[in-house]
Structure formats: C-alpha cells, structure tokens
Amino acid sequence: IGTYYLNLNCNYEPFKDAKVRKALSLAIDRKYVAETLMQGTYTPAGNFMGPGWKDPAGGEFIDNANGGQPYIDVDNYEANLAEAKKLMAEAGYPDGAGFPEITYNTNDAGYHKAVAEYLQEAWAQLGVSLKVEIVEWASFTPMRRNGEYQAARNGWVGDYDDPSNMIELLYTSNGNNDGKYSNPAFDEQIDIARSSADGAVRSEALHKAEDILMEDAGCIPVAYYNDFWLQSEDIEGIWHSPRGYWYFMYADIVE
C-alpha cells in the first residue's frame with residue numbers, strides 16, 4: 001500500500017499559493033498516467049491515502065474519507081482542467097501569464113521519466129513551462145530532503161498498517177516532509193491523532209488532516225502502487241499482505 005505523488009516545494013514563491021498548487025494537481029490526467037503511461041501497473045489516485053490502509057474506527061480508511069467520495073474525480077479530467085485554469089487565473093496567472101518556468105527533478109528509473117515528460121504537456125495547458133532534470137539516485141534523495149528543488153517526484157509505501165504512517169509525512173517538522181508543507185491546522189489534527197488511543201478520535205483527526213491536506217494540495221497524489229504476481233491454482237494457503245509481504249507458513253500444494 002502506498003502512493004506515487006509529486007512534491008511542490010512550498011518555500012518556492014509561486015508554490016506558496018495553494019491555488020497554484022491545486023491548479024497544477026487538477027491539470028494532471030491521472031487515468032492517462034496510471035493506465036497508459038504506467039501500463040496499468042498503477043491505479044489513478046483521487047486521494048492521498050489509497051486502498052489498503054485500515055481506518056482506526058474500522059473498515060478501510062479510503063472508504064470513510066471525504067464522505068466516501070474521492071477528493072479528485074479521476075473520471076472527469078476535462079472538468080478538473082477547467083477548474084485548474086480558473087484557479088490559475090484567480091492566483092494572478094491567467095493562461096500562465098507571468099508564471100516562471102518550473103524545474104522538475106526526478107531519477108531515471110521505472111516510469112519516472114515518462115511521467116516527467118507528460119507533466120510538460122499537462123502543465124503547458126495552463127501556460128506553465130516545465131524543464132525536466134534527471135538526477136542520479138544518490139543525489140536525488142538528499143536534494144529533495146534539503147528542499148533544494150522546485151518540483152519533484154516522490155512516493156511512499158507503508159511499513160505498518162496505520163494511516164499515520166503516511167499522512168504524518170506532511171507534518172511540519174517531519175524529516176520526510178520534502179515539500180516543506182506547513183499548516184498549523186493540519187499539524188493540530190496530527191497531534192490529536194498521536195495523543196489518543198481512542199480509534200474514533202484518531203480516525204476523525206486523521207480524516208480532518210487529509211481534508212486539509214487535499215484542499216491545500218500540500219502534495220499531489222498521482223497513482224497508487226499495485227502488486228502483480230502469478231500463482232498456480234495448485235498452491236493454496238498463501239497469504240499476501242497489503243504491504244507486499246508473502247507468508248508461506250500455511251502453504252500447500254494440492255495435486
């Protein structure tokens with residue numbers, strides 16, 4: 001379970017405006033990215049927290065988010081793009097007028113380069129020019145961690161089954177907050193979730209935190225990671241966890 005997302009450095013002047021961040025997010029056709037560029041190996045992301053995360057109050061976290069509806073309608077790209085253009089105009093950049101060229105950093109592995117090239121086309125529809133720079137992995141992570149970039153690709157795969165594992169990445173002082181996002185209202189909800197053992201209280205706080213994050217476009221979720229495997233019909237009892245681990249202790253071969 002995890003999400004492929006983009007960071008816009010919130011310390012970079014144009015990205016201090018949530019309307020700009022949200023416009024750039026809505027201008028992305030997530031279905032095209034996941035189903036065409038990524039060849040169906042990912043699923044388009046309408047939320048930050050994707051499938052597989054358990055809600056502290058019961059059920060799946062994504063099912064209880066935003067009233068049961070995705071924050072971004074991945075099936076309605078044309079309407080999203082129209083809203084993106086409107087937000088750019090409201091932010092003072094109609095058709096991209098006066099908006100500086102953005103540099104987007106990514107490492108050259110998997111689908112990252114293809115996504116970067118697509119972003120050049122997607123954001124051009126807002127009048128935004130995007131320059132792509134490929135960075136070696138050894139330099140990419142510390143550069144992103146230090147905030148020495150304007151826009152960059154990112155992603156996270158959970159290592160324990162609680163939504164705090166991922167949503168806390170955007171907490172102001174979190175060492176993995178590569179986008180330098182900071183909102184006291186978001187931090188307050190994370191603090192509430194951290195300080196309570198009550199599942200209902202934690203659930204409400206974490207959902208409110210995601211509400212704030214998505215309204216702010218504190219990061220840009222693009223796609224959810226998927227696992228694919230081949231399994232013989234003769235093998236029974238194998239369990240595959242949402243975090244990618246395989247358990248063979250109860251496996252059996254039936255002939």
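The model is predicted: local features need pLDDT of at least 70, side-chain atom pairs count only at pLDDT 80 or more, and totals for chains, interfaces and linings use all residues. Residues are numbered from 1 along each chain as its sequence is written, and side-chain values use heavy atoms, without hydrogens and water.

**Exercise 1.** State the order of the six strands in the open sheet and explain why one side of β2 and β4 is left without a neighbour.

*Solution.* 
1. Strands are DSSP runs (E, at least two residues; helices are H or I, at least four), numbered from the N terminus. Two strands pair if DSSP finds at least two bridges between them.
2. The order is β2-β6-β1-β5-β3-β4, with mixed pairing.
3. β2 (42-44) and β4 (130-134) stand at the edges with a single partner strand each, so one side of each has no neighbour in the sheet.
4. Within the sheet, β1 (residues 2-8) and β6 (residues 220-225) are antiparallel over four bridges; threonine 3 stands opposite tyrosine 224 in β6.

**Exercise 2.** Describe the lining of the second largest pocket by residue class and by helix.

*Solution.* 
1. A pocket is an open set of points on a 1 Å grid over the protein atoms alone, where a 1.4 Å probe fits, with protein on both sides within 12 Å along at least five of seven lines; lining residues have an atom within 4 Å of a point.
2. Of the 14 lining residues, Lys22, Tyr71, Ile72, Met214 and Glu215 are closest to the centre.
3. By class, seven are nonpolar (Ala, Val, Leu, Ile, Met, Phe, Trp, Tyr, Cys, Pro), four charged (Asp, Glu, Lys, Arg) and three polar (the others, Gly among them).
4. α1 (18-26), α3 (77-90) and α8 (199-216) each supply at least two lining residues.
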